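Hi,

Here is the structure I said I would pass on.

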Amino acid sequence: MTKSLDPASSVRLDKWLWAARFYKTRAIAKEMINGGKVHYNGQRTKSSKMAELDAVIKLRQGYDEKEIVIKKLSEQRQKAIFAQTLYLETPESIAKRETYAEARRLNVLNNPAPDHKPDKKQRRQLIRFKEG
């Protein structure tokens, strides 16, 4: 039995993110919300915020930043196939994630590791540079 709530009902944001399988536990979802990694309709929010239909959520997961729209409400964690029906990712978000993934694959965004450690003179130059 799937427990899907009708539009008049509401679900806590941390519970919805957990049910939609963005985070493995509610505690992690709450930590990400309180840490500013999740924005609800363009603003920072609290984990106790009640999720509403057609609300836009921006969230970070590792290197990826997703922008999703809530399509269904649920407070129970179900199979992944059901969880994917709870939201819709915007086309701009998908394109942006693919662009960044390709850039990471080509090592454009990340600085490659140096061939060797800096010697004493180079370390002193780095320290002077960082101090201004």
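**Strands and a hairpin**

Valine 56 has valine 69, in β7, as its bridge partner. Keep in mind that this is a predicted model. That bridge belongs to the pairing of β6 with β7, which is antiparallel and runs over six bridges. The hairpin these two strands make has two residues between them, and glycine 62 there takes a positive phi near 65°.

β6 also has β3 as a partner: the two run antiparallel and are joined by three bridges.

**The core**

Isoleucine 57 turns up again in the largest nonpolar core, which has 21 residues. Ile57 is among those with the most contacts inside this core, together with Trp16, Leu17 and Phe22. Two or more residues each come from α1 (13-19), α2 (26-34), β3 (38-40), β6 (56-61) and β7 (64-70). The largest share comes from α1, with three residues.

So what does tryptophan 16 touch, once its neighbours within four places in sequence are set aside? The list is Val11, Phe22, Ala51, Ile57, Ile68, Ile70, Lys72, Leu73, Ser74, Leu86 and Tyr87.

**Aromatic rings**

Two aromatic pairs come out of the count. In one of them, tryptophan 16 and phenylalanine 22 have ring centres 6.2 Å apart and planes at 35°, so this pair is tilted. Tryptophan 16 and phenylalanine 22 are both buried, and for phenylalanine 22 the relative accessibility is 7%.

Phenylalanine 22 also pairs with tyrosine 87, and that pair is tilted too, at 4.7 Å centre to centre with 50° between the planes. Here distant parts of the chain are linked: phenylalanine 22 is in the loop between α1 and α2, tyrosine 87 is in strand β9 (residues 87-89), and 65 residues separate them. Taken together, the ring pairs make a cluster of Trp16, Phe22 and Tyr87.

**Salt bridges**

The salt bridge count comes to nine. Three of these are worth a look.

- Arginine 26 with aspartate 14: the closest N and O atoms are 3.5 Å apart. This one links distant parts of the chain, with arginine 26 in helix α2 and aspartate 14 in helix α1, twelve residues apart. Arginine 26 is partly exposed at 32% relative accessibility, whereas aspartate 14 is buried, with a relative accessible area of 2%.
- Aspartate 54 with lysine 71: the closest N and O atoms are 3.3 Å apart. Aspartate 54 sits in the loop between β5 (50-51) and β6, and lysine 71 in the loop between β7 and β8 (73-74), so the bridge ties together parts that are 17 residues apart in sequence. Aspartate 54 counts as exposed at 52% relative accessibility, while lysine 71 is partly exposed, with a relative accessible area of 39%.
- Arginine 97 with glutamate 89: here the closest N and O atoms are 2.8 Å apart. Arginine 97 is partly exposed, its relative accessible area being 23%, and glutamate 89 is buried, at 15%.

Which residues does arginine 26 contact, leaving aside neighbours within four places in sequence? They are Arg12, Asp14, Lys15 and Trp18. Of these, Arg12 and Asp14 are linked with Arg26 in a network of salt bridges.

**Helix α5**

How many of the twelve residues in α5 are buried? The count is zero, so to speak a helix that is hardly covered. Just after α5, glycine 132 takes a positive phi of about 100°.

For a sense of scale, arginine 26 and lysine 121 are 50 Å apart in space, C-alpha to C-alpha, and 95 residues apart in sequence.

That is it from me.

Cheers

Note on methods:
Residues numbered from 1 in each chain as written. Predicted model: local features only at pLDDT ≥ 70, side-chain atom pairs only at ≥ 80, totals over all residues. Heavy atoms only, no water. Core = buried A, V, L, I, M, F, W, Y, C linked by side-chain atoms within 4.5 Å. Buried < 20%, exposed > 50% of the residue type's maximum accessible area, 1.4 Å probe, protein only. Helix = DSSP H or I, 4+ residues; strand = E, 2+ residues; numbered from the N terminus. Contact = heavy atoms within 4.5 Å. Salt bridge = Lys/Arg side-chain N within 4 Å of Asp/Glu carboxyl O. Phe/Tyr/Trp six-rings, centres within 6.5 Å; stacked < 30°, edge-to-face > 60°. Pairing = 2+ DSSP bridges.
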